Amino acid sequence: MPWELTDGLFRGGTTGWKLGPAAADLAAEARARGLTVHMGRVNSLRRLRHAAAIGCHSADGTCLVYAPRHQLPRLLSWLDEVNQSGGTRPPAVRP
């Protein structure tokens, strides 16, 4: 990985890759180098917990596009839970 040419790390790809140990190791290395780590396709509390547990700074997903009146309060409760745990709580279910 040409870290000197990298401004940040976007964790995307297949679910198996994104939630696997190699991607987590890349995220740890990026953070150790002071880079921002982002995870795409985060549409559940379980996945948000995983992103926080492996040190992602940010995440995105499309859950608000579908039934936003229902999803916004749900998303805000997920964020509260993850933020209260300090982002160190491991996923409730293994990815």
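Predicted model: local features only at pLDDT ≥ 70, side-chain atom pairs only at ≥ 80, totals over all residues.
Colleague: What makes up the protein in terms of helices and strands?
Modeller: The protein has four helices and three strands. From the N terminus on, their order is β-α-α-β-α-β-α.

Colleague: How many of the residues count as buried, in percent?
Modeller: Of the 95 residues, 36% count as buried.

Colleague: Why is A27 called buried?
Modeller: Buried means under 20% relative accessible area. A27 has 0% relative accessibility, so A27 counts as buried. This residue lies in helix α2, residues 21-32. Apart from residues up to four places away in sequence, A27 touches L9, R11, V37 and I54.

Colleague: How far apart are A27 and R49 in sequence and in space?
Modeller: They are 22 residues apart in sequence, and 15 Å separates them from C-alpha to C-alpha.

Colleague: Why does H38 count as buried?
Modeller: The cut-off for buried is under 20% relative accessible area. H38 has 17% relative accessibility, so H38 counts as buried too. H38 is found in strand β2, residues 36-39.

Colleague: How do you know that the side chains of H38 and S58 make a polar contact?
Modeller: A polar contact needs a pair of N or O atoms within 3.5 Å, one able to donate a hydrogen and the other to accept it. The contact that joins the side chains of H38 and S58 is 2.6 Å. S58 is also among the residues that H38 contacts beyond four places in sequence, together with L9, F10, R11, C56, A59 and D60.

Colleague: Which residues line the largest pocket?
Modeller: The lining consists of L48, A51, A52, C56, H57, S58, A59, L79, V82 and N83. At least two lining residues come from each of α3 (45-53), β3 (58-59) and α4 (68-84). The volume of this pocket is about 160 Å³.

Colleague: What makes the lining of the largest pocket nonpolar, polar or charged by class?
Modeller: Ala, Val, Leu and Cys are among the residues that count as nonpolar. By class, the lining has seven nonpolar, three polar and no charged residues.

Note on methods
Residues numbered from 1 in each chain as written. Heavy atoms only, no water. Buried < 20%, exposed > 50% of the residue type's maximum accessible area, 1.4 Å probe, protein only. Contact = heavy atoms within 4.5 Å. 1 Å grid on protein atoms, 1.4 Å probe; cavity = no way out; pocket = protein on both sides within 12 Å on 5 of 7 lines; lining within 4 Å. Points joined across faces, edges and corners; volume = space filled by probe spheres on them.
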